[in-house]
Protein chains: 2
Amino acid sequence: MVERHEPTSREKILEVAEALFARSGFAGVGLRELADRSGLGKSSLFHHFRSKGHLYLEVLRTVLERIQERLAPVIRSQSGPAEKLPAWVEALIDALAEHPNSARLLLRALFEDDDFPEDLEPQAQEVEGIVMSILGTYQAIVQQGIDLEIFQPVSVTDATQTMIGATVYHFASGEIGEAVTGGPIFAAAAIQRRRREVVHFLIGGLTADPTH
Amino acid sequence: MVERHEPTSREKILEVAEALFARSGFAGVGLRELADRSGLGKSSLFHHFRSKGHLYLEVLRTVLERIQERLAPVIRSQSGPAEKLPAWVEALIDALAEHPNSARLLLRALFEDDDFPEDLEPQAQEVEGIVMSILGTYQAIVQQGIDLEIFQPVSVTDATQTMIGATVYHFASGEIGEAVTGGPIFAAAAIQRRRREVVHFLIGGLTADPTH
DNA sequence: TTGACGCCAGACCGATCGGTCGGTACGGTC
DNA sequence: GACCGTACCGACCGATCGGTCTGGCGTCAA
């Protein structure tokens, strides 16, 4: 684990901002604290980003694109829904577990009323577009499984929402942070166990016969 | 639906505060807006509550106790885990669906670092105690089912976290709000469908054979 | 040497933050 | 009438908010 490049100021800001927004939400982060922790003056932030809102959406975009890259090989694979769906969820969990702040940040952003001022509407729509794109790939797998009568005929949107809630919340809540502080080896073991359980739940819900 | 009593100022504040905190989070709510929407002066808020933090924790306590009351009859019933567990989840969903703001408020509070100033530590611990108490009743049912070999031997804490994430996130995200605005009848139908799906997912995960 | 430019710090702005102040109106109790 | 506690208000406080302005420091090309 060697850092090849000294991170640029812009990268440093984005990194610190992700941690702070994940901890305290958009309104809970002051630009003074963000600047201090980035090793910069407050006004320097405005050299790299036009406003606090632009910075926030840029952080969101970075996180979402990182997840999107993780999911890309799974989507491209030729396997059927029964293998593709757990692979998709496992890739998502890996992406969330790798950057623990991402899950918290996304959880906040996903259920929030996107009430942004109009001057950064295009950025907000771009972020929302990435989210919809990601969710769309999951829904396509579920729909395909239902069409092939491999999965139960559940509501696709509800299944997606359940999956998102289960995974993102799971890795946003506190204990995963403690696991990370316990060292990378323990963390990896804990994540593997969690991943197995969550995937099992989601697959079980899609394949079990609903005769309760 | 007749309101028997004119709500007291204190009740009005709590009601408005729940909606605002659910919408914008703790840091995102200004006491001026809260006072205006409650029909009071800002300084009057401090007559009823010692600080913004005390008010926030009081709102959380109210919401949690309302849910606790909903779950009580389920817990007291004599049925086995196979019937008790879906009943528990359905009761939780009913409680969340009845007060749409509660899910958002809880979702925020549950995964947040409880970083409160020390002067309201006791209130924070009381709130946390209620949460642990509620989760404990769910974990007891799961554990009982595992002991009786009705459920798969999953991690109880992970199963709980998955359940919480799936249910609370499900009803915190936006669409349920639109359903409510569509009128009580449509909302009731939508909630019933959602409830069936979510419960099915959770039961499926506990009963299906994990041989993927 | 000069000028242009990227990057950054410090002083500063109006607005808003949570919270405190002195004071008013009112109903009950001796 | 004197005196209380409850409920409420407008004015005000220091601090902090997001954001702007001015100007300095280094680098590189001319």
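## Exercises on a two-chain predicted model

α4(B) bends by about 30° at Arg70(B), with a proline, Pro73(B), following within four residues. The model is predicted, so local features need pLDDT of at least 70 and side-chain atom pairs 80 or more, while totals for chains, interfaces and linings use all residues. Residues are numbered from 1 along each chain as its sequence is written, and side-chain values use heavy atoms, without hydrogens and water.

**Exercise 1.** Find how far helix α4 of chain B reaches from its first C-alpha to its last.

*Solution.* Start with the limits: α4(B) covers residues 52-76, 25 residues. Helices here are DSSP runs (H or I, at least four residues). Next, take the span, which is 36 Å, close to the 36 Å expected at 1.5 Å a residue. The expected value is 1.5 Å times one less than the number of residues.

**Exercise 2.** Work out how chain A is laid on chain B.

*Solution.* Superpose by least squares on the C-alpha atoms of residues with pLDDT of at least 70 in both copies. A turn of 180° and a shift of 0.0 Å along the axis give an RMSD of 0.1 Å. That is the relation of a two-fold axis.

**Exercise 3.** Describe the interface of chain A and chain B.

*Solution.* First, count contacts (heavy atoms within 4.5 Å): 40 residues of chain A touch 40 residues of chain B. Then compare the sides: 100% of the interface residues of chain A are also interface residues in chain B, so the copies meet through the same surface.

Key: Chains are lettered from A and ligands numbered from 1 in the order in which they are written. Helices (H or I, at least four residues) and strands (E, at least two) are DSSP runs, numbered from the N terminus. The bend at a residue is the angle between axes fitted to the seven residues ending there and the seven starting there.
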